[in-house]
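The sequence and structure are shown first.

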Amino acid sequence: MSLLREIIARRIGSNGPLTFAEYMDLSLYHQRHGYYSRLDHRSGQTGDFFTSVDLGTIFGELLAEQFAEMSLSIQRLANSESDLLMLLEAGAGNGALASDVLDATAKNYPELYEVIQLILVEHSKIARASHIASLGAHTKKLSLSTDTLPNKITGIIYANELLDALPVHRIVMTESGLKEVYVDIDSHNEERFVERLGPPSSVVLEHIDRFGITLESGWRAEISPASVNWVEQAGRALELGFLVLIDYGHAANQLYSATHASGTLATYERHVISQPQAHMDATWLLNPGSVDITAHVDLTAVQQAAESVGLETLTMVDQTYFLLGLSSMETPTPENTVQELKRRLALKTLLLPGGLGSSHKVMIFGKNVGRLRLRANAFSTRTT
């Protein structure tokens, strides 16, 4: 039995069955044995999954274009003696994306680069320890490497695939009413975890009531009060500027529908996704801390949470159309070097519908910046 498995088993033995959110939090974020705590990097060819960052520097370069446009509005509206612009990445991992963004900014917007104050927020101590090495020559721009959001931010907060990895509660509608899924120890095998249905916890009932979630009999689903809390915290901290969230998910009317009646919870290991239908074979229960656990984001709840703390929704669009709007701002190059060909291939992969282009959505919110229409919003009504 692994150390993390023993820790979870002892907690169940002391406190009773855990909500799935508690189990997922321990599996992913336990300070020593959690999936995201043991290594500084989990994605890429040698990891368990791919993100847009793993396709090369193009993703960071395009984000830098968007951030440059946003910065003009912030600097124009900021009533401050300081010229500094906070650029905060949440769920920053080892800092690779921030490094790509700063590379492009230093090259194309040197005046903006000079005033950037970089903040990297990352739960994993090991990943935070890699920030200096990942940033290299940009280390001087790093003002803070931390595991918590600052209280006051003027600038840009961005997060790429953060919300989908925050703990979720699992619920199921039975013939006798709504139940919550708990994780317990198998009474026949103490080294095995099983799912048990029980009464919904108060946080589940509050979330369902707040967002008006309804399920048909037999449907399973995941809800994420943690995502809502994070968005509200970020929105309150942002005094002036933008919140940019990039993640995969659906509007509530799609997420809680017959299309996803079995829920969206999945594990990733060595680029193999597992979504077992039978709860007895649930891969997330087999070896906690060894696999990534994720669920699709409720985009409707995220939007309502953001607006509840004073943010204004500026766009919600497929990553394809978001990046198309930004790539159209680039100057075409006739070069056919290996590096340029790789770059074009990476861009094609980011844009292709059916892959990262349509599965991932970009949500941009503003705080005290007005109804600004960004150039990347050229296709702002396009979602799938």
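How do the residues of the lining of the second largest cavity divide into nonpolar, polar and charged?

## Basis of the model

The model is predicted: local features need pLDDT of at least 70, side-chain atom pairs count only at pLDDT 80 or more, and totals for chains, interfaces and linings use all residues. Residues are numbered from 1 along each chain as its sequence is written, and side-chain values use heavy atoms, with hydrogens and water left out.

## Cavities

The lining of the second largest cavity comprises 7 nonpolar residues, 1 polar and no charged. In this classification Ala, Val, Leu, Ile, Met, Phe, Trp, Tyr, Cys and Pro are nonpolar, Asp, Glu, Lys and Arg are charged, and the others, Gly among them, are polar. A cavity is a set of points on a 1 Å grid over the protein atoms alone where a 1.4 Å probe fits but cannot get out, and lining residues have an atom within 4 Å of a point. The volume of this second largest cavity is about 40 Å³, volume being the space filled by probe spheres set on the points, which are joined across faces, edges and corners. Its lining consists of Phe 67, Leu 85, Leu 87, Val 101, Thr 105, Leu 112, Ile 116 and Ile 156. Strand β2 (85-90) and helix α4 (96-108) each give two or more of these residues; helices (H or I, at least four residues) and strands (E, at least two) are DSSP runs, numbered from the N terminus.

In total, the structure has 2 cavities of 30 Å³ or more.

Helix α9 (residues 225-237) is among the elements that give two or more residues to the lining of the largest cavity. Its buried residues (under 20% relative accessible area, 1.4 Å probe, protein chains only) include Ser 227, Trp 230 and Ala 234.

Trp 230 is also one of the residues with the most contacts inside the largest nonpolar core, which has 64 residues. Such a core is a set of buried Ala, Val, Leu, Ile, Met, Phe, Trp, Tyr and Cys residues joined through side-chain atoms within 4.5 Å. Helix α2 (residues 20-29) supplies the largest share of this core, 6 residues. A second, separate core of 41 residues includes Leu 62, Phe 242, Ile 246 and Tyr 321.

Terms used
Buried < 20%, exposed > 50% of the residue type's maximum accessible area, 1.4 Å probe, protein only. 1 Å grid on protein atoms, 1.4 Å probe; cavity = no way out; pocket = protein on both sides within 12 Å on 5 of 7 lines; lining within 4 Å.
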